[in-house]
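User: Could you take a close look at the ligand site for me? I'd like one connected walk through the surroundings.

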Amino acid sequence: MMDFQNKHILLGVTGGIAAYKAVELLRLLKKAGANVNVIMTESAQKFVGKTTFEVLSENPVLSDLFFDADAAIKHIDLATGADAAIITPATANTIAKVAHGIADDALSTTLLAVTCPVMICPSMNTDMYQNIRVQRNLDILEKDGWQILDPDSGVLACKTVGTGRLPDPWFIFDRVEALLTQKDLKGKKILVSAGPTVEAIDPVRFISNHSSGKMGYAIASAAEKRGAQVTLVSGPVSLEAPVGVEHIDVVTCEEMADQMLANLDQADMIIKVAAVADYKPIDPKKSKIKKKDNNKDLSISMIETPDILKLIGEKKTKNQFLVGFAAETDDLEKNALLKMKKKNLDMIAANIVGSKDSGFQADTNKVKLFFRDGTSFDIPLMGKDKVANILIDHMIDKMG
Ligand code: PMT
C-alpha cells in the first residue's frame, strides 16, 4: 500500500443508496494516513448523516456554501490543496452538472476549481446508467481527463439485476492509489510469474512449495499502478488477482513455461518470482497409490523440469530486462551470483527463506538485489508492496 501521509483527498458524496460505501472508503483512506475532506450534496445527507463523515474524517464536512461565512472561501482552499478528488457514489444528476460546468452546490462548485486528478464512480439503476444522456456526460468527463470507474454488475437496490452497482470500497481504494501514483512505467509491458507450481504424484498427492504468491502479486500490482501493461502468470494461490492486470492461471512447471514463453516477445521487463518445482515425478499414477502393509519405504522417481528462467535468459533480446529471484537458506550472495550468471540475468533479487518474517508466506521480505554490472543493493525488512516498488525503481534506473 502506498504511503498516504501528506496526501489530501477530496471525497465527494452524492445522493445514492451506495453512499454508505463511501464511509468504508473514508476509513480505508484514513487508515492509510490520508487527510480527507468530505463534501456532501443535500441528497447524500438523506442516506448517511454528516456526523458519520465528520467523526471518521476528523474534519468538518462541507455541504452548504452559504451556511457559514468561511465556506465560500474554504471550498477554493479544499480544491487547490487536493491531491485527488473522488466522487463516490456519483449520481446521474451530479455527473450531468459537472460535465456541463454547472456550479450550484458545494460539491459541483468545488469541482470547478480542482486541478488535481479526479475519479468519478457512477452508481445507479441500469437503465439510468445506460441512458444515452448519462453516457454522453461520462464521455465528456473522460475526454476532459477525469477517470471514470465502471460500475459493477449484480443485484441493485431497485431489485433489478444489471450494471450500476458501486464497486467494493477496497477496489475503489486500490484505484485511488493508482490515481495518485506517478506513471513512470507508461508504455512498458511487464511479464511476471508468481506462486508455486504443483506436480502430481497421483490424483491425491503432489509436490509443491510454500509460495503464497504475495511477492509476485505485489510486484504485478505495483507495476500496474505505475502505468505498465502487466501480464501475471500464476501458480495456484488464494490471492485476488491484482486489479488491471492480465492474469493467467497455470498449475505445472510446463504450463508456466508455455505461458511465459508465449508472452515473452512483447515484454520489456520479465520478473520471475515464482517458486518452480525443479523436479517432478517421472510417472504420475492414474490411481491413488495405496499404502501397503510391510512396506516401510516408498520411492518416487523424479525427473528435472524445464528451467524457465534459463530458457528466457537464452532467448532474451538486449532490450529486454530479465530479473530472477533466488530463494536461499544459506550462502545467499554466492548462490545468487551463480544463478544470475548461469541464467543470463540483468538482476537477481535474493531472499533468505525459512524465517517467519521474510521469504515464503510472510507479508514482509528482506531482499538483496545484485546487478549484472557487479553492484548490489540491500532492501531491509519491509512490506512486500514496498519491496516491490524499490525493486521496480532499480529496474528503471538500470534500464536507463
Ligand atoms: O510467494 P511468497 O510466499 O510471497 O514468497 C516469495 C518467494 C520466496 C517465493 C520469492 O521471494 C522467491 O524467492 N522466489 C523464487 C523462488 C525460487 O524458486 O527460487 P530458486 O532459487 O529455486 O530459483 C531461482 C530462479 O529460477 C527463480 O526466479 C525461479 O522462478 C527460476 N526457476 C527455477 C526453477 C525452474 N525450473 N524454473 C525457473 O524459472
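This is a predicted model: local features need pLDDT of at least 70, side-chain atom pairs count only at pLDDT 80 or more; totals for chains, interfaces and linings use all residues.

Analyst: Altogether 29 residues surround the ligand, and the closest are Ser 211, Ser 212, Ala 274, Lys 339 and Asn 351. Sorted by class, the shell holds 13 nonpolar, nine polar and seven charged residues.

Now for the backbone contacts. Ala 274 has a backbone N or O atom 2.6 Å from an oxygen atom of the ligand. A polar backbone atom of Leu 309 is 2.8 Å from a ligand oxygen atom, and at Ile 308 a backbone N or O atom lies 3.1 Å from a ligand nitrogen atom. As for cover, the ligand has 780 Å² of accessible area on its own, and the protein covers 96% of that.

The ligand takes up the space of the second largest pocket. The largest pocket has a volume of about 1,100 Å³. Its lining counts 31 residues, with Met 1, Glu 177, Ser 221, Lys 225 and Asp 385 the closest to the centre. H9 turns up here too: the largest share of that lining, seven residues, comes from H9, while helix H8 (169-180) and helix H13 (384-399) each supply at least two. By class, this lining has 12 nonpolar, five polar and 14 charged residues.

Methods. Residues are numbered from 1 along each chain as its sequence is written. Side-chain values use heavy atoms; hydrogens and water are left out. A residue is near a molecule or strand if one of its heavy atoms lies within 4 Å of it. A polar contact is a pair of N or O atoms within 3.5 Å; within protein, one must be able to donate a hydrogen and the other to accept it, and residues adjacent in sequence count only if both atoms are side-chain atoms. Accessible areas come from the Shrake-Rupley method with a 1.4 Å probe; for residues, only the protein chains shown count as cover. On a 1 Å grid over the protein atoms alone, a cavity is a set of points where a 1.4 Å probe fits but cannot get out, and a pocket is an open set with protein on both sides within 12 Å along at least five of seven lines; lining residues have an atom within 4 Å of a point. A molecule sits in a cavity or pocket if more than half of its atoms lie within 2 Å of its grid points. Ala, Val, Leu, Ile, Met, Phe, Trp, Tyr, Cys and Pro count as nonpolar, Asp, Glu, Lys and Arg as charged, and the others, Gly among them, as polar. Grid points are joined across faces, edges and corners, and a volume is the space filled by probe spheres set on the points. Helices (H or I, at least four residues) and strands (E, at least two) are DSSP runs, numbered from the N terminus.
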